Amino acid sequence: MAMDYGTAGSLRIDLSALVANYRTIAAQVAPAAVAGVVKADAYGLGAVPVSHALLDAGCRHFFVAHLGEAKALKPHLPADATLYILNGLRPGAEAECAAIGAVPVLNALVQLDAWAATARASGGTLPGVVQVDSGMSRLGLTPEELAILRAQPERLDGIDVQLVMTHLACADEPSSPVNADQRALFDQIAVQFPSVPRSIDNSGGAMAPDVRHGDIVRAGIALYGGAPHGPPNPMAAVVALDAYIMQLRQVPAGAGVGYGLTHHCDRPTQVATISVGYADGWPRHVSGRGSAYIGGLRVPVIGRVSMDSMALDVTDLPADLLYPGAPVELLGPHQRIDDVAAQAGTISYEILTRLGSRYDRTYLPAILESIEP
Ligand SMILES: *Cc1c(COP(=O)(O)O)cnc(C)c1O
């Protein structure tokens with residue numbers, strides 16, 4: 001493929017690693033099905049190409065967050081795939097959701113009532129998911145709302161409940177007692193929805209050993225190579241990102257580098273200014289403590305990350321690696337999204353979803369051999 005000289009860097013998205021991760025999760029949770037969580041443009045990696053690779057691997061359930069995301073993705077999915085909207089419906093959005101055939105996650109009684117009314121007005125039924133709050137206090141029917149629904153089950157008339165779901169607050173810490181508490185409470189609540197399939201787990205829950213996973217797990221970050229729990233990370237890396245060296249300069253001991261001159265060179269230093277900054281989603285919080293790799297060798301980020309660039313101390317590198325245009329690994333075999341997240345004091349999700357649109361993108365195709373799904 002021809003080099004793109006116009007961008008901040010090159011983002012490579014390995015769809016065969018994505019499919020490998022899908023299969024790793026599927027093996028872990030079988031017989032539960034794995035749904036692909038492709039909200040936020042598949043965590044920034046491209047909802048359409050990611051969904052197509054997952055479809056080819058056998059995935060038939062997809063979750064986005066917003067109606068707008070569902071509208072954009074729905075035409076790219078086959079009729080036998082189901083597209084759910086995690087955030088449910090904002091009042092007034094019901095007709096549009098029904099028109100595109102997406103399945104809203106009903107997160108409150110008022111949403112459930114509005115969806116049921118839409119169904120009854122259409123003279124038929126509409127599919128919906130009921131989310132219940134098992135302790136996270138975020139979205140989902142409260143215990144009080146569930147009691148009302150028990151007393152007035154006719155409120156569900158018109159809704160074909162396809163799934164009852166909840167969300168775990170501490171799934172990334174499998175040893176947290178909160179997980180068992182939430183699972184037990186959910187099991188009790190779910191009895192209220194007899195013979196409705198169940199969904200509990202995100203990536204962390206799905207990769208937790210020795211638990212029952214319900215009927216569908218909702219996997220996001222683990223598909224994209226993020227660690228579902230602390231290290232070691234069993235998932236294959238999906239993203240690689242290269243910046244390039246824009247300029248090299250030799251500065252004397254005592255020179256300051258970057259905005260605020262927060263870095264002072266304690267020796268004669270060769271500074272490489274590279275092509276990625278915080279407007280490219282690189283976290284400004286790695287200022288003075290991040291890393292990059294050139295020729296597989298670690299180099300530190302010095303000074304503050306700028307909007308469109310940042311500085312590296314490349315003094316100790318062999319000269320043949322250093323030239324304008326030389327590639328600089330920001331994500332790849334030496335540094336993964338969880339490493340950058342740790343440097344920035346955040347989570348891999350935030351690193352991925354912020355990568356933005358200033359890179360040229362290459363999708364490495366999934367090579368689907370005749371492996372049993
Ligand atoms: C985003 C989201 C997921 C996916 O979570 P990961 O940790 O990325 O696997 C699953 N369920 C709900 C309700 C979500 O909001």
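1. In this predicted model, an oxygen atom of the ligand is 3.1 Å from an N or O atom in the side chain of Asn-202, a polar contact in the sense of a pair of N or O atoms within 3.5 Å. Ligand oxygen atoms also lie 2.8 Å from an N or O atom in the side chain of Lys-39 and 2.5 Å from an N or O atom in the side chain of Tyr-43. Of the 390 Å² of accessible area that the ligand has on its own, the protein covers 92%, with areas taken from the Shrake-Rupley method and a 1.4 Å probe.

2. The ligand is surrounded by 14 residues, and the closest are Lys-39, Tyr-43, Ser-203, Ile-221 and Tyr-349; a residue counts here if one of its heavy atoms lies within 4 Å of the ligand. By class, this shell holds 7 nonpolar, 4 polar and 3 charged residues, where Ala, Val, Leu, Ile, Met, Phe, Trp, Tyr, Cys and Pro count as nonpolar, Asp, Glu, Lys and Arg as charged, and the others, Gly among them, as polar.

3. The space that the ligand takes is the largest pocket. On a 1 Å grid over the protein atoms alone, a pocket is an open set of points with protein on both sides within 12 Å along at least five of seven lines, whereas a cavity is a set where a 1.4 Å probe fits but cannot get out, and lining residues have an atom within 4 Å of a point. A molecule sits in such a space if more than half of its atoms lie within 2 Å of its grid points. Helix H2 (39-43) and strand S9 (216-219) are the elements that give two or more residues to the shell around the ligand; helices (H or I, at least four residues) and strands (E, at least two) are DSSP runs, numbered from the N terminus.

4. For "binding site", an unreviewed UniProt entry lists Arg-138 and Met-307, and such annotations may be inferred rather than shown by experiment. The two are spread over 170 residues of sequence and also in space, up to 33.6 Å between C-alpha atoms. Arg-138 belongs to the lining of the second largest cavity and is placed in the loop between strand S6 (126-131) and helix H7 (143-151).

5. The unreviewed UniProt entry also places "domain: Alanine racemase C-terminal" at residues 238-364. Over this stretch the chain is 11% helix and 38% strand, with its end C-alpha atoms 10 Å apart.

6. Some backbone details deserve a look. Most residues other than glycine have a negative phi, and most peptide bonds are trans. A cis peptide bond, with omega about 10°, joins Ala-30 and Pro-31, and Pro-31 is in the loop between helix H1 (15-29) and strand S2 (33-37). The bond from Pro-231 to Pro-232 is cis as well, with omega near 0°. Asp-41, in helix H2, has a positive phi of about 55° although it is not a glycine.

7. Residues are numbered from 1 along each chain as its sequence is written, and side-chain values use heavy atoms, with hydrogens and water left out. Local features need pLDDT of at least 70 and side-chain atom pairs count only at pLDDT 80 or more, while totals for chains, interfaces and linings use all residues.

Definitions and conventions. Polar contact = N/O pair within 3.5 Å; in protein donor to acceptor, adjacent residues only side chain to side chain.
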